[in-house]
Amino acid sequence: MKFVIGNDHGGLDLVEVVKEELESLGHEVIHVGAYENKSVDYSDFAKKACQEILDKNADLGILICGTGLGMSISANKIKGIRAACVSEAFSARMSRAHNNANVLCMGARVIGSETCKMIVDEFAKTEFEGGRHQRRVDKISAIEENLN
């Protein structure tokens with residue numbers, strides 16, 4: 001599977017942790033985030049990373065900023081993106097299994113590297129369960145289309 005990682009300056013500390021963890025699990029990684037500790041806007045990198053998913057250059061994405069919140073809010077504005085901001089592994093698993101999230105958002109100022117690895121592992125290995133959950137994901141997609 002191929003992952004895209006996007007980050008702002010606040011997420012810089014976890015980028016290598018995420019990249020190494022994904023590669024150790026056998027995944028390919030594209031990095032489209034900031035490389036230096038200079039103030040940048042998270043929304044620019046959320047958009048850039050999510051575009052990689054929409055263009056089918058990546059299967060899933062991981063976005064990292066200070067709290068994960070700005071990235072999550074930005075990503076969820078993009079049609080076809082279901083971003084989940086999590087700070088523990090159970091929510092990461094459920095975001096994939098029940099919500100078919102295609103983007104994981106985390107806060108580098110909220111979690112440490114070991115928690116980050118557990119979150120990434122759960123997100124990467126969990127498949128969408130479908131079934132009754134598909135109906136709910138379809139309703140989310142309908143909201144994007146402004147349908148009732």
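## Core and annotated sites

Leu104 touches Gly61, Ile62, Leu63, Ala84, Val86, Ala92, Ile119, Val120 and Phe123, leaving out residues up to four places away in sequence. Contact here means heavy atoms within 4.5 Å. This is a predicted model: local features need pLDDT of at least 70, side-chain atom pairs count only at pLDDT 80 or more, and totals for chains, interfaces and linings use all residues. Residues are numbered from 1 along each chain as its sequence is written, and side-chain values use heavy atoms, without hydrogens and water.

Leu104 belongs to the largest nonpolar core, which has 24 residues. Val18, Leu22, Ile62, Leu104 and Met106 touch the most other members. Such a core is a set of buried Ala, Val, Leu, Ile, Met, Phe, Trp, Tyr and Cys residues joined through side-chain atoms within 4.5 Å. Another core, of 18 residues, lies apart from it; Val32, Ala46, Cys50 and Met71 are among its members.

The unreviewed UniProt entry lists a "binding site" that includes Gly66, Asn99 and Arg109. The listed residues span 129 residues in sequence, and the farthest two C-alpha atoms are 39.0 Å apart, so they do not all gather at one spot.

Buried means under 20% relative accessible area, exposed over 50%, partly exposed in between (1.4 Å probe, protein chains only).

| Residue | State | Relative accessible area |
|---|---|---|
| Gly66 | buried | 6% |
| Arg109 | exposed | 64% |

Arg109 touches His9, Gly10 and Gly66, not counting residues up to four places away in sequence.

How values were computed:
UniProt positions are given in the numbering used here, feature names are shortened, and annotations may be inferred rather than shown by experiment.
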